[in-house]
Every structure is written in C-alpha cells, then in structure tokens.
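Colleague: I would like to go through this model with you. Please set each value against its definition as we go.

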Amino acid sequence: MYLYDHYDQAMVDARVEEFRDQARRRLEGKLTEDQFKPLRLMNGLYLQLHAYMLRVAIPYGTLNSRQMHALADIADKYDRGYGHFTTRQNIQYNWIRLQDAADILADLAKVEMHAIQTSGNCIRNISSDHFAGAAADELVDPRPYAELLRQWSSFHPEFSYLPRKFKIAVIASDTDRAAMRLHDIGIQIVEQDGELGAAFYVGGGMGRTPMIAPCIKEFVPLDRLVTYAEACLRVYNREGRRDNKYKARIKILVHEMGAEEYAKAVDAEFEHMLDEGIEPPFAELERIRTFFEDPAFDQSASEDIDRSDPDFALWVDRNTVAHKVPGYASAVISLKPVGGIPGDATSERMRLMADLAEEYSFDELRVMHTQNIVLPHVRKADLHALWTALEAAGLGSPNLDTVEDIIACPGLDYCSLANARSIPVAQKISERFSASGKTEALGQLKLKISGCINACGHHHAGHIGILGVDRKGVENYQLLLGGSEAEDVSLAKITGPGFDEAGIVDAVETAADVYLREREDGERFLDTYRRIGMTPFKEALYG
Amino acid sequence: MADLSSENDRLIRYRKDDPVDHAAVTVDSFLDQSSASAVRVEPGDDARELIPHLERLALVEVNFPSFGDGRGYSSARLLREAGYEGELRAVGDVLVDQVAYMRRCGFDAFDPDAPLDQSDVEAALSRWPEVYQSAADASTPIWNKRHG
C-alpha cells in the first residue's frame with residue numbers, strides 16, 4: 001500500500017500545526033464559530049448533538065495493521081472506546097473534545113493518516129473498490145489513480161470553497177462495488193485498443209434529489225486524467241448554484257445544463273488547460289503504482305477448504321469472495337452482529353482485526369462502504385483459523401449482503417441533521433430476521449436506512465430502503481423498494497404512506513414475504529421486484 | 001466605492017509598482033467604456049469577458065461578498081492563465097485562513113473588509129512547505145520535485 005515520503009509527511013504535519021493554531025484561536029475567542037466552522041470542517045470536525053465528531057480519512061478504504069491499532073488507541077484515549085466505520089470508507093469518533101482535536105490529528109499523522117477534507121465544501125476523501133488489488137474481475141488495481149487524485153485534490157487552492165461537498169470514486173472493473181455512479185464524479189478505469197484510460201461519470205448523488213451520473217467522457221487518456229478532473233471541477237466551481245444549498249451539488253448543474261452541454265463546457269476548459277502544465281509527470285503514476293504491486297502470494301497455495309464444520313462452511317459461503325490468485329480469498333469481517341450497531345467497532349475488536357490482518361492478510365485491511373471490514377488476501381488454508389478467532393470475538397456473523405447486513409447512518413442518536421433514529425430500526429430488523437430464520441432463504445437483500453433526507457444511509461440505493469422522517473414531531477419511516485448502487489444502478493421508489501418504528505419492521509418482513517412467494521428460480525429480491533413491479537408489494541403492505 | 005485613503009490602511013500588496021489611484025468599475029461598465037484601467041469582478045461575472053482587454057487593465061479586484069463563495073478563485077486563475085500581469089486584488093470577506101490559497105490562484109493584493117494582521121498573514125503564507133498541484137503561482141508541485 002501507499003507509503004508517505006518526506007513530502008507527504010511534511011504536508012500532513014503542517015496541517016496539524018495549522019489546525020492547532022486555528023483551534024487555539026477559537027478557544028481564545030479570536031475566531032467566531034461562523035469563521036471557525038469551515039476551518040474545522042476541512043479537518044473533519046463536526047459539531048453534533050452531544051459533542052464534536054471527528055471523521056478520519058481512510059484513503060480508498062485501505063489501511064494497515066499499524067494504522068488500525070492507532071485508530072483503536074484514539075478510541076480509547078480520546079473517545080469512549082469505540083469508533084464508527086462509515087459509508088464513505090472512513091471512521092468517525094462521536095465523543096471528541098475540541099481541546100483534544102489537534103492532538104488526535106498529531107497522533108494520526110504519526111501513522112500517515114489525517115482528517116483532511118473529510119468534510120466541508122471541498123473535494124472529499126477518494127473512495128474505491130474495497131476488493132481492489134484482490135478482485136478476480138478487475139482490469140487493474142484502481143487505487144493508484146485514486147492516490148494520484150488524492151494528492152491532486154489535497155489543499156487544492158481553487159477548489160476548497162466549492163458550492164457544495166464533492167465526492168469522487170474510482171473503480172476498475174465492470175462490477176461496481178463503490179456506488180461509482182452515485183458520486184459527484186465516478187471514474188472507471190477502462191481499456192481501449194490496448195490502452196488504459198478513464199471513463200468519467202459526472203453528476204450522480206443521493207441526498208434529497210438522487211441522480212445517477214451520466215457518462216460525459218468515455219475515454220480520457222491516463223496522462224490527461226488530472227487535467228480532465230480539474231476541468232470538471234472548474235466548470236462546477238464557476239457554474240454550480242450557490243443560491244440554495246439544496247441545489248448546489250454538481251448533479252443539479254449537470255441536470256439543469258444537460259449532460260451534453262456540461263460535457264462541452266468541460267471539453268472547452270480541458271482544451272485550454274492542456275497548455276497549463278496541470279498534469280503530473282507520468283512517472284508519478286508509475287511511482288505510485290509500485291506501492292500497489294501484489295504482495296508475495298504463495299503461487300502453490302491450496303484451493304482446498306475443510307468444510308466439515310457447517311458453521312464455518314456457511315461463513316465461507318457468505319463472507320468470502322473470489323480472489324485473483326488461486327488458493328486465496330478475500331474475507332469480509334461483518335460489523336453487523338445481530339442486534340448491533342452497523343459499522344461500530346470497539347477498540348478491542350479493532351486491535352484483533354489489525355492482528356489478524358498482520359497474521360493472515362499481508363498486513364492489509366479495507367473498509368467497505370457497507371460498513372464492514374475486509375481482509376483482502378487470505379490463504380484458503382488459513383480461513384478456518386481466521387474464522388475461529390473472529391467467531392470467538394463475536395465478529396463471525398455470516399451475513400454479508402443479507403438482510404442483516406444493514407447500512408445505517410448514525411441517525412438521531414448522534415446526528416444534528418437527522419429527523420429519526422436509524423440504529424434502533426436496524427437493530428430490530430436484524431433481530432427479527434435472525435429469529436425467524438428467513439435470512440438464509442432471502443439471500444442477497446441489501447437494506448439501507450437513512451435517518452433523514454440527506455441519505456447518508458444510502459436508502460435510495462437499497463433493494464429495500466428506509467427513510468426516517470419527522471411527521472408532526474413523531475418519527476415516521478418510509479419504505480422504498482428497488483434501488484441498487486451496483487453496476488445495475490437504480491433508484492428506489494417509495495411504496496406509499498410511512499410507518500411507525502414497529503410498523504416499519506413489520507413492513508420489511510411483509511415485503512420480504514412477497515418476494516419469497518413470488519420469486520422464480522435464481523432471482524434475488526431486486527430481480528423479483530423488477531419483474532413484478534410495485535403493485536404486489538403495495539397490496540401486501542396496504543391492501 | 002471605497003475611499004482610497006482609508007483603503008490603504010487595509011491594503012496588503014505583493015507588488016513593486018504603485019497602486020492604481022482610481023476606483024474600479026463594474027465589468028459591464030468596463031466593457032462599455034475604454035478609459036477605465038481598473039475593474040471589479042463579482043462572483044457571478046464571467047472573468048473571461050475581460051480577456052480581450054487585458055492590456056489596458058492595471059487592476060482587477062475580485063470581490064468575495066462571503067468567504068465561502070469560491071468563484072473568485074477560478075476568476076483569478078483564468079485571468080492569470082490568460083496572461084494578465086497587472087494587480088489582482090481580493091476584496092471583501094477575505095480572512096487570513098484563505099490568503100494562502102488566494103496567493104496560489106494568482107492574487108497579489110488583499111483589501112479585506114476587516115483589516116488583517118500582517119504578521120498573521122505572513123505566518124499563513126509561510127505555513128505550507130510544499131504544494132501538491134500546479135496553480136497560478138510559481139511553486140513547484142511535489143510530483144515535479146519527485147521526478148526532478
């Protein structure tokens with residue numbers, strides 16, 4: 001994985017000192033909260049319902065065991081002994097004191113980590129495929145391109161006061177595991193006539209106005225990648241709406257201009273910029289690529305797995321994924337224990353995952369946008385030992401991509417924007433399905449819960465989505481069906497009137513039962529919904 | 001329009017020439033009249049309209065009515081990329097925490113609504129040891145240094 005050189009380290013260290021100075025000025029009253037807010041936001045520090053929240057960047061979701069240990073130490077030293085892995089492949093701490101924030105950033109800098117641009121109206125942490133470098137179906141590892149864009153976007157002088165936040169995802173396979181087309185810019189590394197290049201999808205997003213990004217450029221040569229991204233951003237910075245924060249994301253600009261007109265404006269800017277020396281030397285991409293070369297895989301690793309223990313066999317079937325090297329698998333550690341808080345991990349569990357990564361996965365971990373952790377490179381022969389250790393620590397839930405593998409935002413338990421709680425709904429649903437034993441029969445069923453219209457819990461992209469709203473002071477939950485964040489991307493539709501907290505759990509089960517009744521061979525919930533449409537579900541829910 | 005005599009107290013310049021001694025006009029007025037040599041660009045103005053007339057411009061003020069409106073950063077870079085070498089002055093809600101990025105986008109003068117402490121400005125401008133990307137200033141990006 002990528003390692004800092006003295007340049008990268010100097011930049012992160014300077015940022016810590018800058019923030020220390022800003023926090024001191026705020027604590028001394030020399031900065032008003034209004035003046036301090038955009039500064040703290042660009043360092044990932046939010047003011048939430050009960051305390052400050054610090055969001056730490058995990059670039060493209062990749063980290064090593066030393067970094068995971070540092071995250072655990074921060075949880076113990078400055079928080080309440082746990083952290084929350086997010087849908088942006090980051091980690092958040094919910095109980096931070098302003099006085100400690102600069103010290104935390106300093107601790108992070110010691111392990112080549114930071115909270116730079118994890119919030120604010122700037123280019124956010126770049127996300128990517130959590131199986132990058134391991135997936136059997138990828139064209140190349142997408143992370144070198146994500147790292148190049150990380151450097152380009154860090155402290156960008158022109159794009160730090162954009163109309164709104166800006167999220168970029170990079171993938172390199174036809175299977176989309178990063179919700180690429182629901183980002184402000186989604187980049188897919190593709191091959192054309194033997195050359196690698198980047199397809200640009202611009203103007204996707206969730207929030208209150210969900211949009212699927214159209215492709216505005218099918219092939220940008222790799223030695224023009226940064227310049228093209230710069231052109232996309234400049235058009236947005238100049239033309240994006242600033243009169244209404246709810247219409248300020250690039251998706252609105254692309255929608256109002258039309259994808260073709262936006263693409264034309266970008267092309268004009270791009271042509272002009274080609275002479276401006278914006279593109280990094282190609283050797284930099286080559287340098288970055290060397291950090292992402294394959295670890296020393298055992299080319300003769302055994303394909304055999306002893307499946308005599310049925311619990312282990314179930315976990316292997318559910319939570320491991322095909323690897324590009326025979327004899328290896330990517331193993332998913334579920335942070336969705338039945339009745340638990342999706343994405344939460346205690347410091348003790350973080351340390352265990354770090355140690356297991358060191359022992360079994362070439363020291364690498366990944367954070368998934370579905371709020372789980374991946375050990376990307378595990379020998380199949382080691383899977384049983386890994387599972388045994390996970391199981392003993394309560395981390396062995398065999399529920400990847402099932403109805404129990406719920407994405408949920410922090411909701412009204414933490415977030416000052418939320419209208420309703422998300423976590424208790426997720427807990428009750430996983431308990432309901434676990435107890436009824438239907439999880440297995442339902443197979444792949446992606447369930448996503450947001451506690452407000454901002455959609456941090458990706459409810460638009462759930463096979464089943466739940467949106468918490470406030471109805472006359474009472475929490476109310478709308479049910480949505482038919483969304484997908486993957487390569488078959490689609491936006492979910494609302495079934496009808498909402499439900500109360502108990503009612504929404506029943507409604508999810510009712511929808512699941514319609515699927516079990518109507519499905520044909522091999523169909524997932526989403527496939528059945530797409531075939532039979534909304535009506536049978538509505539009849540069952542409201543009939 | 002600001003009175004220049006009081007303006008000078010707040011003005012921080014990184015240029016050796018003398019400041020323009022007359023007030024800036026709006027972009028529309030500038031395009032209508034050939035005599036003005038100072039213009040003020042508002043966030044919604046298209047700075048590219050000035051490009052055919054750069055040779056008669058000595059001062060471009062870019063207004064930031066609110067520091068969170070970043071359109072002026074692009075206006076500044078566009079003008080520098082087009083070859084403008086006159087004074088590029090950030091005016092309005094310009095705070096010390098933005099001046100480093102503004103310098104990188106080509107601003108060489110600041111006339112903020114609230115006076116800035118010169119030593120705070122110097123500290124802000126010397127904070128960053130390196131830059132990652134190229135912009136309108138002379139800084140060499142890290143990736144060029146890596147590959148000398």
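Modeller: Start with pairing: two strands pair if DSSP finds at least two bridges between them. This is a predicted model. In it, A:I464 stands opposite A:L481 in strand 19 of chain A.

Colleague: How do you know that strand 18 and strand 19 of chain A pair?

Modeller: Pairing needs at least two bridges. Eight bridges join strand 18 (residues 464-471) to strand 19 (residues 474-481) of chain A.

Colleague: Why are strand 16 and strand 20 of chain A called edge strands?

Modeller: The sheet is open, with five strands in the order 16-17-18-19-20 of chain A and mixed pairing. Strand 16 (407-408) and strand 20 (493-494) each have a single partner strand, so one side of each has no neighbour in the sheet.

Colleague: What makes helix 13 of chain A a helix that packs on the sheet?

Modeller: Contact means heavy atoms within 4.5 Å. Helix 13 (residues 423-436) of chain A touches strand 16, strand 17 (447-450), strand 18 and strand 19. Its direction makes about 155° with that of strand 17 of chain A.

Colleague: Why is the pair A:R432 and A:E509 called a salt bridge?

Modeller: The cut-off is 4 Å between a side-chain nitrogen of Lys or Arg and a carboxyl oxygen of Asp or Glu. Here the N to O distance is 2.6 Å. So the pair qualifies. A:R432 lies in helix 13 and A:E509 in helix 15 (residues 501-518) of chain A, so the bridge ties together parts 77 residues apart in sequence. Over all chains, the search finds 80 salt bridges.

Colleague: Which salt bridge does B:E81 form with chain A?

Modeller: Its partner is A:R234, and the closest N and O atoms are 2.8 Å apart. The limit is 4 Å, so this pair also counts. Across the interface of chain A and chain B, the rule finds 11 salt bridges. There are also 22 residue pairs in polar contact, both residues at pLDDT 80 or more. Helix 1 of chain A gives the largest share of the side that touches chain B, 11 residues. That side divides into 20 nonpolar, nine polar and 18 charged residues.

Colleague: How many residues are in contact, and what area is buried between chain A and chain B?

Modeller: 47 residues of chain A are in contact with 35 residues of chain B. The buried area is about 3,700 Å², of which carbon and sulfur atoms give 57%. In chain A, A:P157, A:Y161 and A:R238 lose the most area to chain B, together 22% of what that side buries.

Colleague: How do you know that strand 3 and strand 4 of chain B pair?

Modeller: Strand 3 (residues 38-41) and strand 4 (residues 59-64) of chain B share four bridges in the parallel sense. At least two are required, so they pair. The bridge partner of B:R40 in strand 4 is B:E61.

Methods. Residues numbered from 1 in each chain as written. Chains lettered and ligands numbered in written order. Predicted model: local features only at pLDDT ≥ 70, side-chain atom pairs only at ≥ 80, totals over all residues. Heavy atoms only, no water. Buried area = accessible area lost by both parts, 1.4 Å probe. Polar contact = N/O pair within 3.5 Å; in protein donor to acceptor, adjacent residues only side chain to side chain. Nonpolar A, V, L, I, M, F, W, Y, C, P; charged D, E, K, R; others polar. Axes fitted to C-alpha atoms, helices over the stretch in contact; angles between N-to-C directions.
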